[in-house]
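Biologist: I would like to learn how to read a fold from its coordinates. Could we go through it one feature at a time?

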Amino acid sequence: MKWLLILVILFGAVEAAPSAQESLGTKIKKTFEPDPTPSSSRKHRKKKTTPTPTPTASPKSKKASPTPSPSPRSKSKRKKTSQTPTPGESPSATETPSSTPAESPDAGRGKKGWPNVSLSPDAIEGYNEDPPKVRQILDAGLALTKQNLGYAYGSADPANGGMDCSGFIYYLLKQNGFPDVPRDSSGQYVWVRKAGNLYAVLSRKEDSFEFDDLKPGDLLFWRGTYNIDRDPPITHTMIYLGREKRTNKRVMVGSSDGRTYDGKQRWGVSVFDFKMPPPPKSGDAKISPVFVGYGRIPGLGAQ
């Protein structure tokens, strides 16, 4: 009986050992079972995290492209470039006023106006009463108006197809016995003034008493018809013809790049109306035509 009990106890112990071992294994399994769950959660987190950075990064990149705003910078540059021509354009516009005829180097080039005009000596009042030398000069000047000569800056020879204002005076007087005539209008003004033959005119009225001594064959002088550094600043010259019988207006002969006859602009060697220029439109006297006076041709003799 005693041995039977011992066998039962031993047998129960042997059976209890594997059960204990199984419980220990299950415990071990339970301890290692949480490992797959966090891995799956980590994978799930990765799935959640991976899509979230991509949409956030993409809008940022899309927003970042307009935020630098190269377009406003380009607009600001365009505004600056559009403003730069305006200061460049203002000085050139003030050099030769378009409203008044100017004896400028380039004003008459490439322009077409009304045809040049010529007058017969009989169309000028008192022509037959002028001294022979004066009539000789006037006849030679009017003959040049019939050659269809243009305005050519720097030319004093009709063979070039045209002449400038002082070139016309230089050629005309040289051909008629005045070898010492200067070439440019400023020199011609000094030439007349040194001889004591200059009559200064301060008035802007055509009926001023300052014109009482004006006679056919006198040289006429202007300043300010174009911008040039010259002393004295005389820029234009012509020869006075007298009054036209048809209109009773004063007329002159010479070369111009836009002065008028009968209200129409002419370019070249022609007869022109002699009238006072309008008051200046700007404060710069260099670009405002002003008539300064007239004078006898030195050596022409008493009239």
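Modeller: Gladly. Helices (H or I, at least four residues) and strands (E, at least two) are DSSP runs, numbered from the N terminus. With those labels, proline 232 lies in the loop between strand E5 (219-223) and strand E6 (234-243). The peptide bond that leads from aspartate 231 to proline 232 is cis, with omega near -5 degrees.

Biologist: What should I know about the source and the numbering before we go on?

Modeller: This is a predicted model, in which local features need pLDDT of at least 70 and side-chain atom pairs count only at pLDDT 80 or more, while totals for chains, interfaces and linings use all residues. Residues are numbered from 1 along each chain as its sequence is written, and side-chain values use heavy atoms, with hydrogens and water left out.

Biologist: How many helices and strands does the protein chain have?

Modeller: The secondary structure comes to 8 helices and 9 strands.

Biologist: And what share of the residues counts as buried?

Modeller: First the cut-offs: buried means under 20% relative accessible area, exposed over 50%, and partly exposed in between (1.4 Å probe, protein chains only). Of the 303 residues of the protein chain, 35% count as buried.

Biologist: How do I read contacts along the chain?

Modeller: Contact means heavy atoms within 4.5 Å. Among contacts in the protein chain between residues at least 6 apart in sequence, 61% join residues at least 24 apart.

Biologist: Now a pair of helices, please. At what angle do the axes of H6 and H7 cross?

Modeller: Axes are lines fitted to C-alpha atoms, for helices over the stretch in contact, and angles run from 0 to 180 degrees between N-to-C directions. The axes of helix H6 (residues 132-144) and helix H7 (residues 165-174) cross at roughly 130 degrees and come within 10 Å. Angles under 35 degrees count as roughly parallel, over 145 as roughly antiparallel, 65 to 115 as roughly perpendicular and the rest as oblique, so H6 is oblique to H7.

Biologist: Which residues of H6 and H7 make the contact?

Modeller: H6 brings Ile137, Ala140, Gly141 and Leu144, and H7 brings Phe168, Tyr171, Leu172 and Leu173. The contact of H6 with H7 divides into 7 nonpolar residues, 1 polar and no charged.

Biologist: How does H7 pack with H8?

Modeller: H7 and helix H8 (residues 185-194) pack at about 55 degrees with their axes 9 Å apart, and they are therefore oblique to each other. Ser166, Ile169, Tyr170 and Leu173 of H7 meet Ser185, Gln188 and Trp191 of H8. That contact has 4 nonpolar residues, 3 polar and no charged.

Biologist: Why is H7 largely enclosed by the rest of the structure?

Modeller: Because 7 of the 10 residues of H7 are buried. The buried ones are Cys165, Ser166, Gly167, Phe168, Ile169, Leu172 and Leu173.

Biologist: Let us turn to strands. In what sense do E7 and E8 pair?

Modeller: Two strands pair if DSSP finds at least two bridges between them. Strand E7 (residues 250-261) pairs with E8 in the antiparallel sense over 9 bridges. Serine 256, for example, has glycine 268 in E8 as its bridge partner. E7 and E8 form a hairpin with 2 residues between them, and aspartate 262 in the turn has a positive phi of about 55 degrees. In strand E8 (residues 264-273), 8 of the 10 residues are buried, so E8 is largely enclosed by the rest of the structure.

Biologist: Is isoleucine 124 buried or exposed?

Modeller: Isoleucine 124 has 2% relative accessibility, so it counts as buried. Isoleucine 124 lies in the loop between helix H5 (85-95) and H6. Leaving aside neighbours within four places in sequence, isoleucine 124 is in contact with Leu142, Leu241, Gly242, Arg243 and Lys245.

Biologist: And asparagine 148, buried or exposed?

Modeller: At 67% relative accessibility, asparagine 148 counts as exposed. Asparagine 148 lies in the loop between H6 and strand E1 (150-151), and its phi is near 55 degrees, a positive value in a residue other than glycine.

Terms used
Ala, Val, Leu, Ile, Met, Phe, Trp, Tyr, Cys and Pro count as nonpolar, Asp, Glu, Lys and Arg as charged, and the others, Gly among them, as polar.
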